[in-house]
Amino acid sequence: MKNEVTMDSLIIENAVLRAELSEVKGKLAYFMELLSSSRRKQFGVSSEKSIYDGIFAQPELFPNNQTEVHVFGSEAADEAPPAPKNKPIKKGEMNTRLSAGLPIETVECVLPDDEQGCPQCGEQMHVIGKEIVRRELKFTPAEATIIEYVRYTYGCRPCERAETEAQLVKAPMPPQLIKGSMCAPETVAHIAAEKCVMGAPLYRQEQDWRRKGIPITRQTMASWLIRCSEDYLEPIYEELHRRMLLGDLLHSDDTIFQVLREPGKPAQSESRMWLYRTSCDVEHPIVLYDYQPDRSKERPREFLAGFSGYLLTDGYTAYHTLPENIVVVGCLAHVRSKFTDALKCLKEAERPGSLALEGKKYCDHLFDLERDIKDEPFSERFKLRNEKASPILNEFRIWLDAVSPHISSKSKLGTAVGYAMNQWKYVIRYLLDGRIECSNNRGERSIKPFVINRKNFLFADSVAGARAAAVLHSMTETAKESSLDPYEYLSYVFRNARASNIRGDADLLEKLLPENAPQSCRARLDARK
């Protein structure tokens with residue numbers, strides 16, 4: 001009897017230990033995934049490209065809706081990936097791509113007068129030909145110039161001789177950009193372009209000004225930017241906002257932004273910079289940033305008041321509380337990135353034939369279809385998507401339902417599957433209209449310039465500075481999307497707006513919009529290529 005009790009207790013204790021060991025192994029695997037993912041984000045490449053891209057065999061649809069785990073394309077995964085094709089570099093290619101509008105400075109290589117005698121007979125030689133041997137690109141850094149305004153005063157000689165009251169007339173003066181300030185339109189445009197386009201924070205610009213012998217402080221530059229943003233750029237921003245809401249297809253995204261002196265919040269708290277932009281269906285693209293103190297659901301609702309149509313976003317739940325007239329479309333790229341993260345957490349030997357690779361292949365095939373039809377008209381794109389992409393999406397959903405019960409929701413793969421299922425009804429909405437893109441990559445690309453610049457200037461000192469940053473980045477990014485030179489465009493706006501009240505002059509406001517900028521504001525080469 002005693003031995004039987006001992007054996008039973010040992011069996012129970014063994015079962016408990018096995019359960020605990022299984023739990024510990026599960027937690028260890030979860031933490032190893034987190035460690036691997038963290039190290040990869042910190043030290044690895046951010047690109048999602050891998051040797052498995054493009055290795056795809058058309059999957060067969062599940063017969064009779066069988067919910068079995070089916071790994072398609074496994075044979076193709078075992079094959080060696082195709083060797084990458086290196087684009088040959090053409091000799092002198094840059095020389096042929098230089099803008100034809102660049103000035104040319106000619107250096108003529110001639111013989112000195114005392115060396116022009118014939119080596120054979122000593123007679124004077126003459127020129128019989130010349131050739132362009134090579135070309136060099138010379139760049140001269142910007143130079144500062146002081147503009148001195150001299151105003152003339154005019155008087156009447158006959159009145160002076162008659163000893164009557166002198167009638168004096170002074171010549172008119174062009175208005176100042178900022179009353180009482182020494183800044184010229186080109187100066188503020190240069191500071192704004194350096195900060196918002198080139199990512200040079202004001203303290204670095206201050207150092208550069210000093211090296212040129214000009215003691216302009218960062219506080220002065222910040223004051224100029226805020227004042228010009230409020231007086232001249234905000235009316236243009238508001239008009240672009242109004243025009244953006246008239247469309248029916250937008251992208252949105254947001255990122256963190258720190259403001260040191262924000263009322264009611266500590267300096268270490270996080271604010272948000274929201275992004276809204278038009279899509280590929282408009283002739284004149286608009287990119288707008290919107291600074292807000294938080295990430296509440298009211299922020300997109302307030303900015304998009306009056307808008308009706310499709311909104312491409314990530315999976316943030318605040319977008320899902322928008323009014324019914326705004327149809328939220330999910331991002332397939334976010335779904336693929338989750339499976340890519342799960343794939344990268346696996347050992348190299350475990351990746352071929354894995355569920356993570358299989359999920360990624362579904363996404364890759366959908367993106368391949370989008371690349372094939374990207375140049376088609378929107379109506380044809382709508383038709384081809386429903387013919388070719390819809391069956392893949394249906395099979396993808398069956399696959400998700402099949403694998404979901406068999407994996408841990410805390411693993412990277414479980415996170416990817418769970419995200420895809422939660423976002424499914426939003427992701428598949430890109431089938432509703434041929435103009436809708438299957439991902440929010442357009443919005444992601446537009447918010448990236450601000451994110452890169454933020455790594456340099458880190459924060460805004462005040463709410464006014466944060467709002468100015470939103471407006472200035474909106475102007476420069478919209479200018480870039482419109483193939484304008486941001487510096488030339490801002491200079492054009494400041495020169496023309498300083499002479500009038502832009503808020504009360506509808507004709508001037510129309511003239512200063514990016515779409516109506518003169519040819520002098522056009523970029524000589526498209527910097528996006």
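This is a predicted model: local features need pLDDT of at least 70, side-chain atom pairs count only at pLDDT 80 or more; totals for chains, interfaces and linings use all residues.

Guide: A search of the whole structure finds 15 aromatic pairs. In one of them, the rings of phenylalanine 339 and tryptophan 399 have their centres 6.0 Å apart and their planes at 55°, so this pair is classed as tilted, given that planes under 30 degrees apart would count as stacked and those over 60 as edge-to-face. This pair links distant parts of the chain, with phenylalanine 339 placed in helix H9 (residues 332–344) and tryptophan 399 in helix H11 (residues 378–403), 60 residues apart. Phenylalanine 339 and tryptophan 399 are both buried.

Tryptophan 399 also pairs with tyrosine 362: the ring centres are 5.8 Å apart and the planes stand at 50°, so this pair, too, is tilted. Here again distant parts of the chain are linked, since tyrosine 362 belongs to helix H10 (residues 355–373) and tryptophan 399 to helix H11, 37 residues apart. Tyrosine 362 is buried, as is tryptophan 399.

Turning from ring pairs to charges over rings, the charged end of arginine 295 sits over the ring of tyrosine 316, 3.7 Å from its centre, while lysine 195 lies over the face of phenylalanine 457, at 4.0 Å from the ring centre.

Conventions: Residues are numbered from 1 along each chain as its sequence is written. Side-chain values use heavy atoms; hydrogens and water are left out. Rings of Phe, Tyr and Trp (its six-membered ring) pair if their centres lie within 6.5 Å; planes under 30 degrees apart count as stacked, over 60 as edge-to-face and the rest as tilted. Helices (H or I, at least four residues) and strands (E, at least two) are DSSP runs, numbered from the N terminus. Buried means under 20% relative accessible area, exposed over 50%, partly exposed in between (1.4 Å probe, protein chains only). A charge sits over a ring if NZ of Lys or CZ of Arg is within 6 Å of the ring centre and within 35 degrees of the ring normal.
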